[in-house]
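Please view the sequence and the model below before reading on.

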Amino acid sequence: MAKRKARGRTMLDRVNNASTSHEDTEITPPILDALVDSNENTSPSNTQKVTLLIAIKYNKSNLKRTTNNFINKTSRGNAYLEKMVLKNSDFYKKPCSLLDIVVKAFIGHIAYVISSNGISPTNLCQHELVTSIVVGRRSHVAKDKIIEMVIPVVLGTKPKSSKGHSAVLLDEDRILIIKGNSTSDDCFWFLEVNTTFVKEQKKRFETDVVAWSRGVIGEAEIPIVISGPSGVGKGTLISKLMEEFPSMFGFSVSHTTRAPRTKEQIGVHYHFTERSVMEKDIEDGKFLEFASVHGNLYGTSIEAVEAVTDKGKRCILDIDVQGARSVRASSLEAIFIFICPPSFEDLEKRLRARGTETEEQIQKRLKTARAELEQRNSPGLFDHILVNDNLDTCYKNLKKLLGINEGAETTLLPELVEVPLEHTVSKIDQKILINCGNAEEENSSSSMFLLDLSSIKGGAPGRTRGLNLHIVEPSIYGTKMLS
Ligand SMILES: Nc1nc2c(ncn2[C@@H]2O[C@H](COP(=O)(O)OP(=O)(O)O)[C@@H](O)[C@H]2O)c(=O)[nH]1
Ligand SMILES: Nc1ncnc2c1ncn2[C@@H]1O[C@H](COP(=O)(O)OP(=O)(O)O)[C@@H](O)[C@H]1O
């Protein structure tokens, strides 16, 4: 540790010395000066795949830089340093708080600035991680290095307040953010900048888009989409599954504009909402899918799916066939099951016996049901079709295809560990070494973790699953797996 620190200082000094002329440059938001341009010796000849991350602490009184810690890694072995200069410009509506830690990652010509504390022109979220994206077109660089700044549309639930974080550029698609002072269930976040989902959203919004996805330790299974005509027994089957395996499954609570039924609870069965509110949220990209069913709007919010995954549970979605089609077309990986009635007459009987709809509504549902039943064999849409004739038999078949054995164990949540504010990270292929030891102690072995990202799945919209976290035990040159 001590060695790494000393080497870092030397490299930073070199850049400082090589570029002192930039010290006084007045810099436009967001306060970046890509000094690397003036220092070709340390910058790679072309900057297509370079990671550069520096965390700097700023002092409230005079905003002087004090280098706290930096990590310098490149995916090609090339390395260059870049310095950030922070000026107390008009850009800041308020003075910097005591410690602002800024982390920046370059992907090609784009610099992603991830700040802990309000480094954003809007400066709205003082205590939230705020994402700004800065596009610096280095080929057109004149005096001022940064010629364009873009605040992207930020999708997904953001990480909550953090005093500091480090970051690792994983590939050209996503940046891993490690929050300090957090436990491992809320510590690992992915800022997706160019994944398939983000690319789709960029087209949709016609602007820059980034998306947050929380990393979940362990092998959470992919979500289950259950579809089928109204009254076939979807809700009944889902309730049985959740009652028998409460720690294994969680229900994605949809939004709907329809009125609640007598026994339905807000936030449990549905989030009942106004059409105008829901339409605005859809417009803002908060929904994974939505559809107009029987004259009402129904939709699955990204947050609804994330809320289940965050609890380490497997998410179940009860959605209509249009919704299933949208999810299939999206980047959310899932298993798709269609529940079929033994006959149309049985379906009608069940709908009537349920007694929750007026005759007019029943007629609407039956009409839709015919169309839905026709689509069950639509190529590539459903993975399984289950006939719900005898309820117990159908339930057994459902459990079988989900791979649940009789008397299955409930899911064990992984042991939690804490990553402190002060930590360093390094990356070797898909493995991230997180050193939380005291920098002054050479053999601070007690808090070193290895985060293995080689089997990650999912991602925005929704969580990134399959992270494996190990405690590194240098004394025996081994690791202990936590997930
Ligand atoms: N696309 C989509 N469909 C949904 C969603 N939530 C519920 N649905 C579907 O909307 C339809 C009507 O649901 P509901 O009003 O609860 O009536 P029920 O199916 O007769 O109990 C059903 O086919 C549900 O699967 C959703 O979030 N998205
Ligand atoms: N296999 C079955 N045989 C007879 N009735 C059933 C069966 N499965 C469900 N039901 C009943 O049918 C009605 C509709 O079921 P429900 O779960 O509400 O359907 P959905 O959620 O698909 O609209 C309910 O009254 C339920 O008790």
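Helices (H or I, at least four residues) and strands (E, at least two) are DSSP runs, numbered from the N terminus. The model is predicted, so local features need pLDDT of at least 70 and side-chain atom pairs count only at pLDDT 80 or more, while totals for chains, interfaces and linings use all residues. Residues are numbered from 1 along each chain as its sequence is written, chains are lettered from A and ligands numbered from 1 in the order in which they are written, and side-chain values use heavy atoms, with hydrogens and water left out.

**Surroundings of ligand 2**

- Ligand 2 is surrounded by 13 residues, and the closest are Gly231, Gly235, Thr236, Arg354 and Asn388; a residue is near a molecule if one of its heavy atoms lies within 4 Å of it.
- Helix H3 (234-244) and helix H7 (344-354) are the elements that give two or more residues to the shell around ligand 2.
- H3 gives the most to this shell, with 3 residues.
- The shell around ligand 2 holds 3 nonpolar, 6 polar and 4 charged residues. In this grouping, Ala, Val, Leu, Ile, Met, Phe, Trp, Tyr, Cys and Pro count as nonpolar, Asp, Glu, Lys and Arg as charged, and the others, Gly among them, as polar.

- A polar contact is a pair of N or O atoms within 3.5 Å.
- Gly233 places a backbone N or O atom 3.1 Å from an oxygen atom of ligand 2.
- A polar side-chain atom of Arg354 is 2.8 Å from an oxygen atom of ligand 2, and one of Asn388 is 2.8 Å from a nitrogen atom of ligand 2.
- Taken alone, ligand 2 exposes 560 Å², of which the protein buries 72%; accessible areas come from the Shrake-Rupley method with a 1.4 Å probe.

- Among the 19 residues around ligand 1, Ser230, Ser254, Arg258, Tyr270 and Tyr298 come nearest.
- The shell around ligand 1 divides into 5 nonpolar, 6 polar and 8 charged residues.

**Polar contacts and cover of ligand 1**

- Polar side-chain atoms lie 2.6 Å from an oxygen atom of ligand 1 in Arg258 and 3.0 Å from an oxygen atom of ligand 1 in Arg261.
- An N or O atom in the side chain of Arg365 is 2.9 Å from an oxygen atom of ligand 1.
- On its own ligand 1 has 570 Å² of accessible area, and the protein covers 95% of it.
- Strand E17 (287-293) and strand E18 (296-301) are the elements that give two or more residues to the shell around ligand 1.

Note on methods: A polar contact is a pair of N or O atoms within 3.5 Å; within protein, one must be able to donate a hydrogen and the other to accept it, and residues adjacent in sequence count only if both atoms are side-chain atoms.
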